[in-house]
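My entries follow in the order I made them.

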Amino acid sequence: MKIQKGKCEFLMGIDQVEQLTTWLNEHPFINGVAFIGRSNVGKSSLINSLFGKNTARVSKTPGRTRQVNIFDFVVHNPETKSEHHFYLFDVPGYGHADVSKEMAQNWQNLLDTFFHLCSQKVLLLNIQDARHPLQDPDLVFQNYIQSFDLETYVLFNKVDKLKTQSERSLLKNKMPDIYKNFKWVKQIHFVSAEKGDGLSGVELSITNFVMRES
Ligand SMILES: Nc1nc2c(ncn2[C@@H]2O[C@H](COP(=O)(O)OP(=O)(O)OP(=O)(O)O)[C@@H](O)[C@H]2O)c(=O)[nH]1
Ligand SMILES: [Mg+2]
């Protein structure tokens, strides 16, 4: 089973709560995946690496993805030679301190709407930074998200930035804490959107999930 790279299509970006409510109410049982994580952690980069080069916009400045971006993606099943369509969501990053109160509130409202109304058959991929695991905004998000009962996998991105031995052993030492903390999470992956590390495993997990739920 393979994600058909280059066949992922942008459907729309929604930044209004009312519009998001309407869209989600009209699509109650859809299958798909949602990428969520701190601003600048590499959600859009991961989407591009997994679904095709120019799918999502990658930012130089944090906080660029201000809307819920919705895409259609295709999984090819070589056994049956069939193609299956699913939804992909690029959800705006949380925990960005550098925005106005009003904007932060709008983000929170969008996130609340998204998680309250999104189909139970959507897999949540929570992206975190491999250099800074278990940061405050991630812990807050984790407490928040657990009540929604969505299947969640955590991806630690930017492992390519762990260059020195001491950086790598810092992460290694935190592993027992990480696994203890993420008992409620079904899978943990260590990846690099830039170098491609770990992405074939993530692709397999995504295709397994969406095909199982469809
Ligand atoms: N070294 C390295 N840099 C990365 C990796 N993934 C993303 N980046 C860089 O991190 C920055 C932010 O990436 P984005 O993909 O825009 O992050 P985002 O989470 O979508 O950010 P927002 O949309 O603002 O929430 C960009 O400069 C990327 O090039 C990675 O695996 N390794
Ligand atoms: Mg983004």
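I count two residues as in contact when heavy atoms lie within 4.5 Å. The model is predicted, and I read it as such.

**Entry 1: helix α1**

I started with α1, residues 17-26, and asked which of its residues are buried. They are Leu20, Trp23 and Leu24. I then looked down the axis of α1. The buried residues fall within an arc of 95 degrees, so they line one face of the helix. On the face turned away from the buried side I found the exposed residues Glu18 and Glu26.

What do the buried residues of α1 pack against? I found β2 (9-14), β4, β5 and α3 (101-117).

**Entry 2: α1 against α3**

I looked up the geometry of this pair next. The angle between α1 and α3 is about 10 degrees, and their axes are 10 Å apart. An angle under 35 degrees counts as roughly parallel. α1 and α3 are therefore roughly parallel to each other. From α1, the contact uses Val17, Leu20, Thr21, Leu24 and Asn25. From α3, Asn109, Leu110, Thr113, Phe114 and Leu117 take part.

**Entry 3: Met12**

I moved to β2, where Met12 sits. Is Met12 buried, exposed or partly exposed? Its relative accessible area is 27%, so I noted Met12 as partly exposed. Beyond its sequence neighbours within four places, Met12 is in contact with Gln19, Trp23, Val68, Asn69 and Ile70. Trp23 is one of the buried residues of α1. I also took a distance from Met12 to Lys158: 28 Å, C-alpha to C-alpha, across 146 residues of sequence.

**Entry 4: the nonpolar cores**

How many residues does the largest nonpolar core have? It has 28. Those with the most contacts inside this core are Val33, Phe35, Leu46, Phe51, Phe73, Leu88 and Ile206. I listed the elements that give two or more residues to it: β3 (32-37), α2 (43-51), β4 (68-77), β5 (82-90), β6 (122-129), β7 (152-157) and α6 (199-213). The largest share, six residues, comes from α6.

I then noted a second, separate core of 24 residues, which includes Phe89, Leu110, Leu124 and Ile145.

**Entry 5: Glu151**

I found Glu151 in the loop between α4 (136-146) and β7. Glu151 has a relative accessible area of 17% and is therefore buried. Which side chain does Glu151 meet in a polar contact? It is that of Arg212, at 3.5 Å. Beyond neighbours within four places in sequence, Glu151 is in contact with Val122, Leu123, Leu124, Lys186, Phe209 and Arg212.

**Entry 6: Asp129**

I ended with Asp129, in strand β6. Its relative accessible area is 5%, so Asp129 is buried. What does the side chain of Asp129 reach? I traced it to the backbone nitrogen of Arg131, at 2.8 Å. Apart from residues up to four places away in sequence, Asp129 touches Arg38, Val41, Phe156, Asn157 and Lys158.

Technical notes: Residues numbered from 1 in each chain as written. Chains lettered and ligands numbered in written order. Predicted model: local features only at pLDDT ≥ 70, side-chain atom pairs only at ≥ 80, totals over all residues. Heavy atoms only, no water. Core = buried A, V, L, I, M, F, W, Y, C linked by side-chain atoms within 4.5 Å. Buried < 20%, exposed > 50% of the residue type's maximum accessible area, 1.4 Å probe, protein only. Helix = DSSP H or I, 4+ residues; strand = E, 2+ residues; numbered from the N terminus. Polar contact = N/O pair within 3.5 Å; in protein donor to acceptor, adjacent residues only side chain to side chain. Arc of directions from axis to C-beta. Axes fitted to C-alpha atoms, helices over the stretch in contact; angles between N-to-C directions. Parallel < 35°, antiparallel > 145°, perpendicular 65-115°, else oblique.
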